[in-house]
Amino acid sequence: MKKLKRIMALILAIFLFSLYGLTLIVSIVGGSNQDSMLKACIYSTIVIPIFLWTYNLLYRVLKKDSPMQPKEKDTTSSNAKKNNRE
């Protein structure tokens with residue numbers, strides 16, 4: 001699972017850096033659609049990371065409250081019981 005997360009993070013980092021590069025290239029190179037393309041690049045550069053962060057946050061919150069997850073055992077109470085027996 002950790003490998004998959006690292007691979008996905010690397011892919012997303014490359015994607016975001018390519019968006020930054022595309023924004024720079026569109027701003028330097030002129031063209032008939034330069035204005036609309038620059039707006040789209042800047043919008044994507046801002047909105048996509050916010051969307052990914054929000055998705056990640058919601059995933060962690062919903063996964064935490066999931067009833068399918070096994071609950072952790074309370075080791076402190078079992079240790080206290082062992083100490084009382086001795």
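This is a predicted model: local features need pLDDT of at least 70, side-chain atom pairs count only at pLDDT 80 or more; totals for chains, interfaces and linings use all residues.

Tutor: Helix 2 gives the most, seven residues. The pocket (an open set of points on a 1 Å grid where a 1.4 Å probe fits, with protein on both sides within 12 Å along at least five of seven lines; lining residues have an atom within 4 Å of a point) has a volume of about 490 Å³. Of its 13 lining residues, Lys5, Met8, Tyr55, Asn56 and Tyr59 are the closest to the centre. By class, the lining has nine nonpolar, one polar and three charged residues. The axes of helix 1 (residues 2-28) and helix 2 (residues 34-64) come within 9 Å and cross at roughly 160 degrees. The two helices are therefore roughly antiparallel (over 145 degrees). Residues of helix 1 that meet helix 2 (heavy atoms within 4.5 Å) include Leu12, Phe15 and Leu16, and their partners in helix 2 include Ile48, Pro49 and Leu52. This contact has 14 nonpolar, five polar and no charged residues. Residues are numbered from 1 along each chain. Local features need pLDDT of at least 70, side-chain atom pairs 80 or more, while linings use all residues, and side-chain values use heavy atoms without hydrogens or water.

How values were computed:
Axes are lines fitted to C-alpha atoms, for helices over the stretch in contact, and angles run from 0 to 180 degrees between N-to-C directions. Helices (H or I, at least four residues) and strands (E, at least two) are DSSP runs, numbered from the N terminus. Angles under 35 degrees count as roughly parallel, over 145 as roughly antiparallel, 65 to 115 as roughly perpendicular and the rest as oblique. Ala, Val, Leu, Ile, Met, Phe, Trp, Tyr, Cys and Pro count as nonpolar, Asp, Glu, Lys and Arg as charged, and the others, Gly among them, as polar. Grid points are joined across faces, edges and corners, and a volume is the space filled by probe spheres set on the points.
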